[in-house]
Amino acid sequence: MSGVVHVVGTGLAGLSTAVRLTARGQAVRIYEAAPFAGGRCRTFHDPRLSRDVDNGNHLVLSGNTSANAYLRAIGAEEKMITLPEAAFPFFDAGTGARWRVAMNDGAIPWWVSQPSRRVPGTRLWDYLRSARLAWAGAGQTVAEAVTDRGPLWQRFWEPMTWAVLNTTPDRGAASLLWRVLAETFAKGGARCRPMLAPSGLGTALVDPAVEHLARHGVEIAFGRALKGVTNGADRIEALHFADGDTVSVASEDRVVLALPPTRLKAALPWIDVPDDDSAILNAHFVVDDPALAKAPPITGLVGADTHWIFVKGDVVSLTVSAADRMGLMGEDPQTLAPRLWAETARALNLAAQPVTWRINKERRATFDQSPGGVAKRPKARTAFTNLYLAGDATDTGLPATIEGAIRSGEQVAKLASKLAA
């Protein structure tokens, strides 16, 4: 294919775009502001913990078709392990109750007819009534689409909204939540098995992609923060970087900006994008307790500050979604850590205190996933004939997830390839 595609940004959206374009024989040049690839999805060595940890905890499911195709494309299928069943343990910190949602593999959800496999205190009719989420309007929140406030709301819909949309049900867009459910839960347990990265998500999703691109002659120019562009009437003519360098965009070239909303707005001041100041708090604890070996790899919590617990070896990692709305972003870590650990120790039946810990606050973890924020998501194709946008904040139809980021790259690669054909 003629020309070069200039990809700015090496989060999963940018990497996905570059991998797909390279597979089509397209020449690609990549620019990244940071000294590393991966964006919000990376694995790093924490000297305080003396462990490799993920920047944030993300859940990938067996039904995430784009993520699985991406893993195959970069030759990293073995970097992730799929659990044998779609089973999710939960703990209610308020009542001490424990349960396990265990889905059957087939598309017909007979698991909801068995009390031992569904949320305790719920009836089959509760699940049938919740199907109205599929018909939610574009402006409806989860709270408006699902009106029941019984046990299923407290123990499924609320934690699901926190996890998927990184906000509260009274703000989260119902259409986004339904799209995830339609591709996973609605198709049965075979599409909902958790996929884990034993050595870290960056090791599974980022490093192999960088190596794959290098094998195809594509290197990443790190430390290249995009400052702005020069545009003509209908196309981008040059890219201007903060280091003073300017890259001319030839007539047959194309440009893909795979940037989060704040950085995209800085480069293209005229564009309207959703806010990206929805926060997530992650805590990592190194624990020396034999009981940890019996803990499930993933546990959901209700009635607690913590929403999800991930166990990987002797590291216990916690995720608190929408931590800004919960008022936790301003709390002193020295005060917050013991409180988070206390509810985690109860959930996992651990007696030992952590050897050491670390709290990471992601102040710009996701875009605003309210109906108003969703309405501002930019399209992949722009008014300029050679400019495309990628990223989980673009209009993929999916929330701000790994699947959404990777799929945006797939879509942009197809569009950019058509222009070159």
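This is a predicted model: local features need pLDDT of at least 70, side-chain atom pairs count only at pLDDT 80 or more; totals for chains, interfaces and linings use all residues.
Which residue just after H1 takes a positive phi? Residues are numbered from 1 along each chain as its sequence is written, and side-chain values rest on heavy atoms, with hydrogens and water left out.

The residue in question is glycine 25, with a phi of about 80°. Helices (H or I, at least four residues) and strands (E, at least two) are DSSP runs numbered from the N terminus. Helix H1 comprises twelve residues, 12-23, and reaches 16 Å from its first C-alpha to its last, close to the 16 Å expected at 1.5 Å a residue; the expected span of a helix is 1.5 Å times one less than its number of residues. Because ten of its twelve residues are buried, H1 is largely enclosed by the rest of the structure. Here, buried denotes under 20% relative accessible area, exposed over 50% and partly exposed the range in between (1.4 Å probe, protein chains only). Among the buried residues of H1 are Leu12, Ala13, Gly14, Leu15 and Val19.

Positive phi values also occur in residues other than glycine. Serine 50 has a phi near 60° and is placed in the loop between strand E3 (43-46) and strand E4 (51-54); with 44% relative accessibility, serine 50 counts as partly exposed. Asparagine 166 belongs to the loop between H5 and H6 and is buried, its relative accessible area being 5%.

Helix H5 (residues 151-165) contains 15 residues and should span 21 Å at 1.5 Å a residue; its end C-alpha atoms lie 20 Å apart, which agrees. A kink of about 30° is found at tryptophan 157, shortly before proline 159; the bend at a residue is the angle between axes fitted to the seven residues ending there and the seven starting there. H5 is mostly covered, with eleven of its 15 residues buried, including Trp153, Phe156, Trp157 and Pro159.

Nine aromatic pairs were found in a search of the whole structure. Rings of Phe, Tyr and Trp (its six-membered ring) pair if their centres lie within 6.5 Å, and planes under 30 degrees apart count as stacked, over 60 as edge-to-face and the rest as tilted. Phenylalanine 90 and tryptophan 99 are stacked, at 5.6 Å centre to centre with 5° between the planes. Phenylalanine 90 is buried at a relative accessible area of 9%, and tryptophan 99 is buried at 7%. Phenylalanine 156 and phenylalanine 185 form an edge-to-face pair, at 6.1 Å centre to centre with 75° between the planes. This pair links distant parts of the chain, 29 residues apart: phenylalanine 156 lies in helix H5, and phenylalanine 185 in the loop between H6 and strand E9 (194-196). Phe88, Phe156, Trp157 and Phe185 form one aromatic cluster.

The second largest pocket has a volume of about 470 Å³. Of its 19 lining residues, Pro109, Tyr127, Trp178, Phe185 and Ala186 are the closest to its centre. Helix H3 (124-129), H5 and helix H6 (174-183) each supply at least two residues of this lining.

Methods:
On a 1 Å grid over the protein atoms alone, a cavity is a set of points where a 1.4 Å probe fits but cannot get out, and a pocket is an open set with protein on both sides within 12 Å along at least five of seven lines; lining residues have an atom within 4 Å of a point. Grid points are joined across faces, edges and corners, and a volume is the space filled by probe spheres set on the points.
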